[in-house]
Amino acid sequence: MSVLAEQDLAAPRAGRAAGGPAIMVAIALASVMLPLTVTGPAVALPALATDLGAGVGAAQWVQNAYGVTFAACLLAAGGLADRFGRRRVLLIGVQVFLAMSLVCALVPNIVLVDLARALQGVGAAGVLTSGAAILAASFDGPARARAFGVLGASFGFGLALGPLVAGVLVASVGWRAVFLLNVVLGAVVLALVPRLPESRDPAARRIDRGGLVTFSGSLALLALYFVEGPEQGWTGVAAIGSLVGAALFMLLFVLVELRVERPMFDLSLFRRPTFVVVVCQPFTITFGFVVLLVYLPQYLQGVGGRSATEAGALLLPLTLPVLALPLVAGRIAARLPLRVMLAASSALIAAGSLWLVVLGPDAGWAQLTGPLAVFGVGVGSAFGVMDNAAVSVVPVERSGMASGIFNTMRITGESVAIAGAGALLAGLSAAGLQGRVPGLDTAGERALAGGAVQGRLGEQLGTLPAGVRTAASDAAADALTSAMHTGFVVLAVLALIGAVTTFAVVRDRELTGTS
């Protein structure tokens with residue numbers, strides 16, 4: 001390491017002794033906002049879409065627009081943080097995030113909400129990558145494990161309270177209050193960020209624009225395929241064109257990254273099996289979690305007929321372990337092999353997923369507490385541990401890049417999960433409705449299925465003749481419930497594959513900052 005690099009790293013480490021608590025408070029509060037802006041809109045979506053008169057596709061982009069830009073900009077945000085300063089990028093990210101939260105709360109049009117959500121994702125990318133890089137540059141050894149445990153607990157706090165708080169806000173104030181909550185949190189974080197130490201990678205160079213454009217284009221087209229496929233048809237020109245375009249952009253991305261001297265996505269790291277498995281962990285651990293957070297509240301509101309508050313409360317067995325466990329997991333990670341922890345987490349998720357086939361329209365605390373708690377323990381025990389492992393694979397001066405790669409995989413996985421699960425549920429539900437509702441054609445079945453998935457079953461039933469509404473309601477409930485059960489089995493298989501692969505491949509000696 002060069003003298004300049006040593007000087008760059010010395011400041012954060014010296015600051016650790018004097019400003020460690022301040023660093024943790026600021027990063028923790030900034031991190032709480034990010035899950036709130038996923039779980040909150042998921043609960044608020046039925047009311048939001050109805051109030052703004054949004055169609056099924058436009059309403060789906062409330063989640064997907066945020067996820068696509070969030071994932072697409074993580075690598076660029078990590079590169080910017082390494083080059084221009086992690087505190088600076090964090091500050092800009094919070095400012096953008098706060099401003100777009102305010103826009104979402106005030107605008108009267110679904111298109112403007114979708115656009116604001118896309119820009120909100122850009123700000124979130126800056127917050128996430130710079131925050132994790134600041135922690136990596138400020139702590140090492142067991143202290144770093146504890147710091148990332150606090151980071152995981154912060155995400156868990158937002159995830160645990162998000163559905164319930166959003167439900168209360170929607171019921172008492174309205175869906176716009178869900179976005180205003182992030183405005184308040186963002187203002188507090190803005191006051192704290194200037195107190196953080198600055199750090200950067202002295203070897204960082206210009207941003208890889210070619211990689212950013214090709215990766216973003218690929219992800220956006222893939223999301224478009226999943227969102228429009230159920231409505232336009234999976235074999236339609238638009239759907240196939242989106243899928244082919246996503247593949248071509250991804251191919252261009254790989255070619256660009258191989259030719260760039262300092263790529264934002266260092267493909268050489270993928271020669272290390274441990275790194276590959278660690279950065280792919282989100283596909284087996286958070287993939288299913290985000291699906292439940294987004295679609296289970298909508299199922300409980302639409303098919304289950306529950307209020308937004310009740311739907312949020314029923315998710316507490318799932319979300320509370322994600323709040324409580326990361327701090328404990330961070331301490332255990334300093335003593336237990338990482339592969340054991342992550343494999344066990346995936347195994348618990350697989351068990352919880354299979355158990356969730358008990359879900360039905362009338363399912364309550366008695367049926368759902370057990371499987372949701374097992375699932376939540378699996379996710380909570382991995383939060384923070386995964387982040388620490390990702391930034392520990394590379395030298396600390398490149399922690400922004402490592403954080404960017406890991407979080408890109410995580411948020412990409414979540415974005416694909418939200419879009420793909422929505423498409424799967426809508427497609428299976430529409431197939432289950434075929435011929436079951438008199439007078440309803442294929443387009444009508446798709447609309448009814450899409451509305452049921454988004455928790456807007458009552459709204460869709462209101463467009464049907466009174467004589468068929470009861471039959472349509474029962475058929476939609478049966479079709480969506482069957483689709484959810486199929487989705488749970490798919491999640492269980494993915495998690496089990498992840499558990500076996502992690503235990504077989506990960507080598508803790510390659511993770512230099514975890515002990």
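This is a predicted model: local features need pLDDT of at least 70, side-chain atom pairs count only at pLDDT 80 or more; totals for chains, interfaces and linings use all residues.
1. A helix here is a DSSP run of H or I that covers at least four residues, and helices are numbered from the N terminus.

2. If neighbours within four places in sequence are left aside, leucine 461 is in contact with Leu448, Arg469, Ala472 and Ser473. For one of these, alanine 472, the separation from leucine 461 is 11 residues in sequence, and the C-alpha to C-alpha distance is 7.3 Å.

3. Now a step back to the whole protein. How many helices and strands are there in the protein? The count is 18 helices and 0 strands. Of the 515 residues, 60% are buried. Among contacts with a separation of 6 or more, 84% are between residues 24 or more positions apart.

4. A friendly word on how to read the next points: two packed helices are described by the angle between their axes and the distance between the axes.

5. Begin with helix α12 (residues 338-355) and helix α18 (residues 469-505), whose axes come within 8 Å and cross at roughly 165 degrees. Angles over 145 degrees count as roughly antiparallel, and therefore α12 and α18 are described as roughly antiparallel to each other. The crossing in which α12 passes α18 is left-handed. On the α12 side, the contact is made by Arg339, Val340, Leu342, Ala343, Ser346, Ala347, Ile349, Ala350, Ser353 and Leu354. On the α18 side, the residues are Phe488, Leu491, Ala492, Ala495, Leu496, Gly498, Ala499, Thr502 and Phe503. Sorted by class, this contact has 14 nonpolar, 4 polar and 1 charged residues.

6. Next come helix α2 (residues 56-84) and helix α3 (residues 86-106). Their axes are 8 Å apart, and the packing angle is about 150 degrees. That angle makes α2 roughly antiparallel to α3. Here α2 passes α3 in a right-handed crossing. From α2, the residues Tyr66, Ala77, Leu80, Ala81, Asp82 and Phe84 meet Arg86, Arg88, Val89 and Phe97 of α3. The contact of α2 with α3 is made up of 7 nonpolar and 3 charged residues, with no polar ones.

7. Is glutamine 60 buried or exposed? With a relative accessible area of 11%, glutamine 60 is buried. Which side chain does the side chain of glutamine 60 join in a polar contact of 2.9 Å? The partner is tyrosine 295.

8. The last pair is helix α5 (residues 141-172) with helix α6 (residues 176-192), packed at an angle of about 125 degrees with axes 8 Å apart. Why are α5 and α6 called oblique to each other? An angle over 145 degrees would count as roughly antiparallel and one of 65 to 115 as roughly perpendicular, so the angle of about 125 degrees makes the pair oblique. The crossing of α5 and α6 is right-handed. Val165, Ala166, Leu169 and Val170 of α5 make the contact with Ala177, Val178 and Leu181 of α6. By class, the contact has 7 nonpolar residues, with no polar and no charged ones.

How values were computed:
Residues are numbered from 1 along each chain as its sequence is written. Side-chain values use heavy atoms; hydrogens and water are left out. Axes are lines fitted to C-alpha atoms, for helices over the stretch in contact, and angles run from 0 to 180 degrees between N-to-C directions. Helices (H or I, at least four residues) and strands (E, at least two) are DSSP runs, numbered from the N terminus. Angles under 35 degrees count as roughly parallel, over 145 as roughly antiparallel, 65 to 115 as roughly perpendicular and the rest as oblique. A crossing is left-handed if the near helix is turned anticlockwise from the far one by less than a right angle, and right-handed if clockwise. Contact means heavy atoms within 4.5 Å. Ala, Val, Leu, Ile, Met, Phe, Trp, Tyr, Cys and Pro count as nonpolar, Asp, Glu, Lys and Arg as charged, and the others, Gly among them, as polar. Buried means under 20% relative accessible area, exposed over 50%, partly exposed in between (1.4 Å probe, protein chains only). A polar contact is a pair of N or O atoms within 3.5 Å; within protein, one must be able to donate a hydrogen and the other to accept it, and residues adjacent in sequence count only if both atoms are side-chain atoms.
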